Amino acid sequence: MKCISVYLKIILIYICSIIIVYAEEIIPVDITSDEMQWDDNERIAYAIGNAAAIQGKRKMQADKLIVYLEKNNDTNEIILIKAEGNVIFTNMDEIATGKLATYDFIKNNIIIEDDVTLMKNDNLMKGELLEMNLNTGISQISSKNDSKKVKMRFLPKTNDKGLEW
């Protein structure tokens with residue numbers, strides 16, 4: 001009986017260690033564009049023309065992506081992506097657009113600026129500055145000055161059964 005208990009504890013520890021290892025799995029980032037440039041000294045990559053960066057279910061598209069890698073080591077770890085022109089960021093059921101964006105991989109957030117829209121399900125938000133915390137799932141949209149207002153449109157879900165009287 002004691003032997004079975006020890007084996008069960010060993011199996012449990014083994015399973016927990018596997019879960020911990022795979023919970024911190026590194027998901028690669030694939031970058032495509034019409035043209036690529038690389039600055040080895042600064043560890044910056046430039047993706048120009050129809051640029052896209054895809055990591056799992058997240059995708060950032062723009063006219064130009066500037067990809068910053070960690071300078072102090074050779075791990076090829078991306079720390080920041082800046083997007084310029086016709087920015088589209090998709091994350092599962094969210095689509096955000098704007099003219100400029102900064103995706104911080106360390107903080108796991110994205111800031112999109114200038115003529116911003118955020119569509120989630122059928123709901124729409126418009127403004128000038130969008131901050132998305134990808135850890136918490138909380139998004140905040142605002143205007144840069146007091147003369148412009150943030151707009152939101154919520155589309156109620158329809159009842160597939162039709163109207164009942």
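## Salt bridges

A salt bridge is counted here where a side-chain nitrogen of Lys or Arg lies within 4 Å of a carboxyl oxygen of Asp or Glu. The structure is a predicted model, and by this rule the count comes to two salt bridges.

## Glu42 and Lys71

One of these salt bridges joins Glu42 to Lys71, with 3.0 Å between the closest N and O atoms. Glu42 belongs to the loop between strand 2 (35–39) and strand 3 (44–55), while Lys71 belongs to the loop between strand 4 (58–69) and strand 5 (78–91), so the pair ties together parts that are 29 residues apart in sequence. Glu42 has a relative accessible area of 36% and is therefore partly exposed.

## Lys120 and Glu94

A salt bridge also forms between Lys120 and Glu94, whose closest N and O atoms are 3.9 Å apart. This pair links distant parts of the chain, since Lys120 is in strand 7 (residues 109–120) and Glu94 is in strand 6, 26 residues apart.

Lys120 counts as partly exposed because its relative accessibility is 34%. Glu94 has a relative accessible area of 9% and is buried, because buried means under 20%.

## Positive surface patch

Lys99, Lys126, Lys148, Lys151 and Arg153 form a positive surface patch. Among them, Lys99 is placed in strand 6 (residues 94–104). Strand 6 also holds Glu94 of the salt bridge with Lys120. With 47% relative accessibility, Lys99 counts as partly exposed.

Conventions: Residues numbered from 1 in each chain as written. Predicted model: local features only at pLDDT ≥ 70, side-chain atom pairs only at ≥ 80, totals over all residues. Heavy atoms only, no water. Patch = residues over 30% accessible without salt bridge, like charges linked within 9 Å, V, L, I, M, F, W, Y side chains within 5 Å. Areas by Shrake-Rupley, 256 points an atom, 1.4 Å probe, with all protein chains shown as cover. Lys, Arg positive; Asp, Glu negative; His and termini not counted. Charge placed at Lys NZ, Arg CZ, Asp CG, Glu CD. Helix = DSSP H or I, 4+ residues; strand = E, 2+ residues; numbered from the N terminus. Buried < 20%, exposed > 50% of the residue type's maximum accessible area, 1.4 Å probe, protein only.
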